[in-house]
Amino acid sequence: MKKAMTYGILASLFFAFTFLLNRSMNLSGGYWMWSACLRYLFMLPMLAVLLLLLPGKKFPPVLQAIKKNPMIWILWSTVGFGLFYLPLTLGSVYGESWLVAASWQITIVAGVLLTPLFGKKIPVKNLAMAFVILTGIFLLQAPNMQGQDLKKNCIAFLPILIAAFSYPLGNRKMMQYCPKNIDAIQRVFGMTLCSMPFWIICSCIAVYRSGLPSSGQVIQSLGVALFSGVIATILFFHATDLVKGNHRQLAIVEATQCGEVIFTLIGGILVLGDTMPNALGVAGLVLIIAGMILNSFL
């Protein structure tokens, strides 16, 4: 159990690099659309190499599944990855890294509200925890809800809201359509591959609007792809695999992901010079983290 928790906490640390590096690229003048595109353009070869290194023939089952339902894969991969990460990256333009990371936790609320689309009732206890998280996000945003800050925060929060619903919707739909012989890493590779048309179109738009990305943005995007897209994902999957037979321990491991908010807050303040949240913001962060932990146990 200690090993699984260690892997889970390490995963949350590497997931935090998404928010920190995206914010860093924005502060250095990098175009936000390139930050989104480059992550997935780099992830594709990384995941391909990973599948080659894993035991067993991993490629044929994925390619066969895609060939059987190509439009399903392209549609929900675009929703789950494209309409998730592009708006999330846009949101990072307007807010501190910790503010974006904390606001992103609204995806837990979205996941609860999307439950009826999959033929199940909304779990009341989880919905109660969702409202705890929402209250925390409101408290976090409250200090900025006036004048120009209100307009800025609304612009920042809208794309995060779109991303929060797109991520669980696309991923759950793909889990629904994926054959049972496709594991999580194979599914991530397949979705990355099938979202490429979206990312290629966005890359063309990025070239037209801002030209080619700088070498600094390319290197930092490579870091996002490696740290968050590959290392964090593998660590988290390994952590959940270690305790998958025990639902209580699995809940504890899943709750470790609240660490990404804490790591982003510390990294943003120390490295990027982000402003500290005020007392109301701290109360909001506490509610968000408490809601995430309690939601995992429920």
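**Entry 1: the cysteines**

I looked up cysteine 37 and found that it is buried, with a relative accessible area of 0%. For my notes, buried means under 20% relative accessible area, exposed means over 50%, and partly exposed lies in between (1.4 Å probe, protein chains only). Cysteine 202 is buried too, at a relative accessible area of 5%.

Next I asked: how far is the sulfur of cysteine 37 from the closest cysteine sulfur? That sulfur belongs to cysteine 202 and lies 4.8 Å away, which is too far for a bond. I read it from the other end as well, and the closest cysteine sulfur to that of cysteine 202 is the one in cysteine 37, at 4.8 Å. A disulfide is a pair of cysteine sulfur atoms within 2.5 Å, and by this rule I count zero disulfides.

**Entry 2: a note on the model**

This is a predicted model, in which local features need pLDDT of at least 70 and side-chain atom pairs count only at pLDDT 80 or more, while totals for chains, interfaces and linings use all residues. Residues are numbered from 1 along each chain as its sequence is written, and side-chain values use heavy atoms, with hydrogens and water left out.

**Entry 3: helix 6 and helix 7**

I turned to helix 6 (residues 106-113) and helix 7 (residues 124-141), which pack at an angle of about 150° with their axes 9 Å apart. Helices (H or I, at least four residues) are DSSP runs, as are strands (E, at least two), and they are numbered from the N terminus. Axes are lines fitted to C-alpha atoms, for helices over the stretch in contact, and the angles between N-to-C directions run from 0 to 180 degrees.

Which way do helix 6 and helix 7 run relative to each other? They are roughly antiparallel.

A crossing is left-handed if the near helix is turned anticlockwise from the far one by less than a right angle, and right-handed if clockwise.

On the helix 6 side I listed Ile106, Ile108, Val109, Val112 and Leu113, which meet Asn126, Leu127, Ala130, Ile133, Leu134 and Ile137 in helix 7. The residues of this contact divide into 10 nonpolar, one polar and no charged. Here Ala, Val, Leu, Ile, Met, Phe, Trp, Tyr, Cys and Pro count as nonpolar, Asp, Glu, Lys and Arg as charged, and the others, Gly among them, as polar.

Is helix 6 enclosed or open? Seven of its eight residues are buried, so helix 6 is largely enclosed by the rest of the structure. I wrote down the buried ones: Ile106, Thr107, Ile108, Val109, Ala110, Gly111 and Val112.

**Entry 4: helix 1 and helix 13**

I followed helix 1 (residues 2-27) to helix 13 (residues 259-271), where the axes come within 8 Å and cross at roughly 50°. The two helices are therefore oblique to each other, and their crossing is right-handed. Contact, meaning heavy atoms within 4.5 Å, is made by Ile9, Ser12, Leu13, Phe15, Ala16, Phe19 and Leu20 of helix 1 and Gly259, Glu260, Phe263, Thr264, Gly267 and Gly268 of helix 13. By class I have seven nonpolar, five polar and one charged residue.

Then I zoomed in on glycine 268 of helix 13. Glycine 268 is buried, with a relative accessible area of 0%. Leaving aside neighbours within four places in sequence, glycine 268 touches Leu20, Ser97, Gly273 and Asp274. How far apart are glycine 268 and leucine 21 in space? They are 9.5 Å apart, C-alpha to C-alpha, though 247 residues separate them in sequence.

Methionine 5 lies in helix 1, and at 30% relative accessibility it counts as partly exposed.

**Entry 5: helix 3 and helix 9**

My last pair was helix 3 (residues 59-68) and helix 9 (residues 184-194), with axes that come within 10 Å and cross at roughly 50°. Helix 3 and helix 9 are therefore oblique to each other, in a right-handed crossing. Helix 3 brings Phe59, Pro61, Val62, Leu63 and Ile66 to the contact, and helix 9 brings Gln186, Phe189, Gly190, Leu193 and Cys194. This contact has eight nonpolar, two polar and no charged residues.

How values were computed: Parallel < 35°, antiparallel > 145°, perpendicular 65-115°, else oblique.
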